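Q: Let us go through this model by asking what each label rests on. Please set each value against its cut-off.
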Amino acid sequence: MSLISFLSCRGERNEKDWQRRKQQAMALRWPAAATGAHFGCRASKKGTMRPPPPSPSPAAKLLTLPPRIGPLFWPWEKVKVGPLVVSPMGFGTWAWGNQLLWGYKEEMDPLLQETFDLALRNGITLFDTADSYGTGRLNGQSERLLGKFIREFQGRNIGDDIVIATKFAAYPWRLTPGQFVKACKSSLERLQLDQIGIGQLHWSTANYAPLQEQALWDGLVAMYEEGLVRAVGVSNYGPKQLIKIYDYLESRGVPLYSAQVQFSLLSMSDAQIELKEVCNSLGIRLIAYSPLGLGMLTGKYTTSRLPRGPRALLFRQVLPGLDPLLDSLKHISERRQKTMSQVAINWCICKGTIPIPGVKSVKQAEENLGSLGWRLSSDEIFELETAAKSSPKKMIQNIFQTR
């Protein structure tokens, strides 16, 4: 089988057949060691498949090396964000320190560290956080935990591979570039890093304090010029305001490389689609937060089975109108032998975005990782989007989202 015919089979609907043909192609085109590591089998010199070796004895297990670090996606599927190269999906850490919405407790930290380690071992290199993540006395806890987990990771040196994208809140007292630089240095201290991968403005003040906006933009310029961040991005910007900040930063010699926005099958508004088109035209990478609609697209909740906390109020309002979309997700997930979550996240990847689903457990991370290494067909994408448009309820947009 040629490499070209292998690539062409990625659009096939039969997942089992695609996996079989992928194994054949790998056996013919890549070394046996790599093939065995990814697919649980080995290739002979002639390219024939041999079964994996028997499981090691209990005594041998004592000498087993740590799990191999390797991505669940092909090298050419990595994504560029300006000067950075990241995995096609990242993980969000909003829950790491948030007691109100996500029920965080400090005794969860070892589990979060295990989740982080699992993500890295499976090729995830992008982690999104913010200086405001963490409620009350735990403000900044997400950054602190990321710094700790990076430092204590048991594996190869990851310093050159991992990309931390942190967001800086547009607090009303941040009125000068110097205050933004100070905020950035505080984040670096919590993260225990010398430089942040992507420094992002968490939201725009155009809707309520337009006079503060340029001071925030100048803060991004100052961080970039001082070398505190490798790339600059924004969050919760609509298409019109995104063009404005892009032009301003360009006039100051600072490229805008990313725009983070709520983007999912549940939030397919005209503004979101327009924003994606603007990003495409300007060379800005769109980072999709809440790709699962805070959990509504997972299929785990119904009007009689709601999550705890404030999310229950939102779910009670939106879930009754989501039957067409949820039915479509379920139908495709069963046909693909995937979960509804994996289908929803894969749709975001197929749309050219970098989804950053939140994780707070190993189980969630493992499920989200199942979104990688395959692609929905064009027919499936059309089916999902048609169902999304016919669903009468949509996700409520972030209150800071601008036009």
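A: We can start with a cysteine. Cysteine 348 has a relative accessible area of 0%. Buried means under 20%, so cysteine 348 is buried.

Q: What kind of model is this, and how confident is the predictor in the protein?
A: This is a predicted model. The average pLDDT is 81, and 79% of the residues score at least 70. Confidence is lowest in helix H3 (residues 32-39), with a mean of 31. Confidence is highest in strand E12 (residues 354-355), at 97. Over residues 1-66 pLDDT stays under 50. For that stretch the model has 69 contacts beyond four places in sequence.

Q: How many disulfides does the structure hold?
A: The structure holds 0 disulfides. Cysteine 348 is in none, and its nearest cysteine sulfur belongs to cysteine 350, 9.3 Å away.

Q: What makes cysteine 350 buried or exposed, or something in between?
A: Its relative accessibility is 25%.

Q: How many aromatic pairs does a search of the whole structure find?
A: The search finds 8 aromatic pairs. One of them joins tryptophan 217 and tyrosine 248.

Q: Why is the pair of tryptophan 217 and tyrosine 248 called tilted?
A: The centres are 5.5 Å apart, and the limit for a pair is 6.5 Å. The planes are 45 degrees apart.

Q: How do you know whether tryptophan 217 is buried or exposed?
A: Tryptophan 217 has 9% relative accessibility. The cut-off for buried is under 20%, so tryptophan 217 counts as buried. Tyrosine 248, at 18%, counts as buried too.

Q: Why is the pair of tyrosine 301 and phenylalanine 315 called edge-to-face?
A: The planes stand at 80 degrees. Edge-to-face needs over 60. The centres are 5.4 Å apart, within the 6.5 Å limit. The pair is therefore edge-to-face.

Q: What does this pair tie together?
A: Tyrosine 301 lies in the loop between strand E11 (285-289) and helix H12 (311-318), and phenylalanine 315 lies in helix H12. The pair ties together parts that are 14 residues apart in sequence. Tyrosine 301 is partly exposed at 23% relative accessibility, whereas phenylalanine 315 is buried at 0%.

Q: How do you know whether serine 290 and leucine 294 are buried or exposed?
A: Serine 290 has 14% relative accessibility and leucine 294 has 18%. Buried means under 20%. Serine 290 therefore counts as buried, and leucine 294 is buried.

Q: Which residues touch the most other members of the largest nonpolar core?
A: They are Phe127, Leu242 and Leu329, in a core of 93 residues. Helix H14 (residues 340-350) gives the most to this core, with 7 residues. A second, separate core has 13 residues, including Val79, Ile198, Ile287 and Ile354.

Q: What surrounds phenylalanine 127?
A: Beyond four places in sequence, its contacts include Phe91, Phe116, Leu146 and Ile164. Ring pairs also link Phe127 with Trp96, Phe116 and Phe149 into a cluster.

Q: What makes strand E6 mostly covered?
A: In E6 (residues 126-130), 5 of its 5 residues are buried. Leu126, Asp128 and Ala130 point one way, and Phe127 and Thr129 point the other way.

Q: Which strands pair with E6?
A: Strand E5 (residues 91-92) runs parallel to E6, joined by 2 bridges. Phenylalanine 91 stands opposite phenylalanine 127. Strand E7 (residues 163-168) pairs with E6 in the parallel sense over 5 bridges. There, threonine 166 is the bridge partner of threonine 129.

Key:
Residues are numbered from 1 along each chain as its sequence is written. This is a predicted model: local features need pLDDT of at least 70, side-chain atom pairs count only at pLDDT 80 or more; totals for chains, interfaces and linings use all residues. Side-chain values use heavy atoms; hydrogens and water are left out. Rings of Phe, Tyr and Trp (its six-membered ring) pair if their centres lie within 6.5 Å; planes under 30 degrees apart count as stacked, over 60 as edge-to-face and the rest as tilted. Buried means under 20% relative accessible area, exposed over 50%, partly exposed in between (1.4 Å probe, protein chains only). Helices (H or I, at least four residues) and strands (E, at least two) are DSSP runs, numbered from the N terminus. pLDDT is the predictor's confidence in each residue, from 0 to 100. Contact means heavy atoms within 4.5 Å. A nonpolar core is a set of buried Ala, Val, Leu, Ile, Met, Phe, Trp, Tyr and Cys residues joined through side-chain atoms within 4.5 Å. Two strands pair if DSSP finds at least two bridges between them. A disulfide is a pair of cysteine sulfur atoms within 2.5 Å.
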